[in-house]
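Visitor: I have a new model open and would like to learn to read it. Can we go feature by feature?

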Amino acid sequence: MFEWRVWRDAARMPGYALAIMLACLQMAMVAGFEGMIGRMLLTAHLGAFLLWQPVVSSERRIEAVPLLLMALGLAAFQWLLGWISLAVWIGMLAGLVVAQAATRSARRDRLPELLGFGYLVLVLFAWVVPSGAPTDPDVRRLLERAACNAGYVAVVLVAIAAVAKRVRRGPALPDFAAAASAVLSVGTIVLTALAFMFLGGEPYERALLKSVASVAAVLLLLGWLWNPRGGYAGMALLLSRRALAGGLPLEEWLAEVAEEARRASSADAFLAATGQRMLDLPDVAGVQWRVAGGAAGQCGKTGRQQTRIAHGDLEVVLQTRGSADAVTLWRWDLMVKILAEFHRARRQASDLAEIGYLRAIHETGARLTHDVKNLLQSFEAILFAAEVGFGRDPEGTRALIQRQLPALAARLKLTLEKLRQPGLEECAQESLAAWWAQLRARLHGVRCEGEAGQGQFVPAGLFDRFVDNCIQNVRDKAGARGVPQACVTLFEQRGHPAVRVSDDGAAIAPERAARLTRETVSSEAGLGVGLLQVAREATLMGWRVRLVENRDGAVSFQIERDQPETDAT
């Protein structure tokens, strides 16, 4: 029992099964395939083929119906056995051997199948075909003797190669394209040789040589056209392109989809445009699409068959004039997957545009909120001065109100103008001397230092917002020691005016100071949006806001012209 199990496992190995199959065929040919012994050996040959064949696993249990069909096929083969049917069988068997060899990666692993293919071709050309074709008897006996002797050697070499490298069947399916090429090549050689014999009156050996030379030349030419040298694209690249897109090269399809994605105003418009382009595909009569949680549409007509393909949130239904094969379905699935990716990218672009629009609205609202807040604080300061000052110094209080109200009215008018046109950036220039005089007049309790030069202009609104935000931040520092003292300094830096707001309060935490002018910073008084908005607005107008000093008793913010620093000479 142990020896039988070992023999059975060895026989199921592809190399051993191939050697047994070829040995049975060799003995059947020697005994005469039309005799009783030859037919029995051919039956054993077919049994070895069932163990070797690469399509169905040899360990699979055969059911009753397949077993009956195999028995009927064997009976039909024995009944129709002749040199033509045997030639057809050997040609098909040679193709399967080539298909099995194509699945091997190493050359040594392919050696048993390559030797088996050579043996089958030798038996076909030198033994089977001459036995039925009108051939000179002496030539026929010479070819049979040569094929018989060479066949023994080939079978032994196949067995030795199988012992040297025991290769079990891998999970890959046979290369049926290679099998078809081998069968067509062998069949063409045989038919061409017979044509030379019957039409040209050539003897078989000369007709066979001419046929082999002709087919070899054609295959050499086709191989060169398939993959030419010198950097030129061959038939392989062209056929692969056509096979991928079915009459429409894949790169053209990608270019068209990308162009529609660029032109379309929305994701729905993109689907409508690409749906119209899909009507140009073979056998496609109409296209329907639907997006999960979105719009749906259709174009074209209703077909006899429907193919539903879904990828992500996109579902496409292709109305076709007939049923599609597996390759076409795979091609359509690839196209719909490409459409789904482009559609998702188009929706993301729309979402980003909407987010940018909402961000612009938010930034404008935040900037105006701080402007209104600063104006309200100025009005509260004037009201406080009016309540206290009219009892002590009526004339001075009246003069103060007369100076402040026009400035506050102008600032309020500018804020309302920006509210009506939120996309309009403030860029009005004002004389530095006039702006500095107005600032000193409206700031109370804040020390102002510096003198304004003549002939210089600054964006008054930007400078006002910078000073107001810095002064408000100083007041927000009020604690047990009271409100810190603030100081506004005007000076000239590299030929341009600069303003610095300093206070003697506590230093800002280092982790917050590094983010003040780049992002919102949470604090007890808010999120730090005001200074952030001023810094962004200054950057757009060619200025910059930065923290120049940060220590206890000396905290300074400065607005200056944004220009590259040069080394002093």
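Visitor: In which helix is the place of M40?

Guide: First, a caution: this is a predicted model. M40 sits in helix α3, residues 36-52.

Visitor: Is M40 buried or exposed?

Guide: Look at relative accessible area. Exposed means over 50%. M40 has 55%, so M40 is exposed.

Visitor: Now A154. Where is it found, and is it buried or exposed?

Guide: A154 belongs to helix α7, which covers residues 137-164. Buried means under 20%. A154 is buried because its relative accessible area is 13%.

Visitor: How do I check the length of helix α6?

Guide: Start with the general idea. An α-helix has 3.6 residues a turn, so residues three or four places apart point the same way. Then compare spans. Helix α6 runs over residues 107-132, which is 26 residues; at 1.5 Å a residue these should span 38 Å. The end C-alpha atoms of α6 are 36 Å apart, which agrees.

Visitor: Where is the kink in α6 centred?

Guide: On L124, with a kink of about 35 degrees.

Visitor: On to the sheet. In what order do the strands come?

Guide: Strands of a sheet pair through backbone hydrogen bonds, either parallel or antiparallel. Here four strands form an open sheet, ordered β2-β1-β4-β3, with antiparallel pairing. The edge strands are β2 (296-300) and β3 (305-311), and each pairs on one side only. From one strand to the next, the twist averages 15 degrees.

Visitor: Over how many bridges do β1 and β4 pair?

Guide: Seven. β1 covers residues 284-291, β4 covers residues 314-320, and the pairing is antiparallel. Within it, R290 stands opposite E315 in β4.

Visitor: Which helix packs on the sheet?

Guide: Helix α12, residues 267-278. It touches β1, β2 and β4, and its direction makes about 160 degrees with that of β1.

Visitor: Last, the cysteines. How many disulfides does the structure hold?

Guide: A disulfide is a covalent bond between the sulfur atoms of two cysteines. This structure holds zero disulfides. As for burial, C24 counts as buried because its relative accessibility is 11%. C148 is buried too, at 15%.

Technical notes
Residues are numbered from 1 along each chain as its sequence is written. This is a predicted model: local features need pLDDT of at least 70, side-chain atom pairs count only at pLDDT 80 or more; totals for chains, interfaces and linings use all residues. Side-chain values use heavy atoms; hydrogens and water are left out. A disulfide is a pair of cysteine sulfur atoms within 2.5 Å. Buried means under 20% relative accessible area, exposed over 50%, partly exposed in between (1.4 Å probe, protein chains only). Helices (H or I, at least four residues) and strands (E, at least two) are DSSP runs, numbered from the N terminus. Two strands pair if DSSP finds at least two bridges between them. Axes are lines fitted to C-alpha atoms, for helices over the stretch in contact, and angles run from 0 to 180 degrees between N-to-C directions. Contact means heavy atoms within 4.5 Å. The expected span of a helix is 1.5 Å times one less than its number of residues. The bend at a residue is the angle between axes fitted to the seven residues ending there and the seven starting there.
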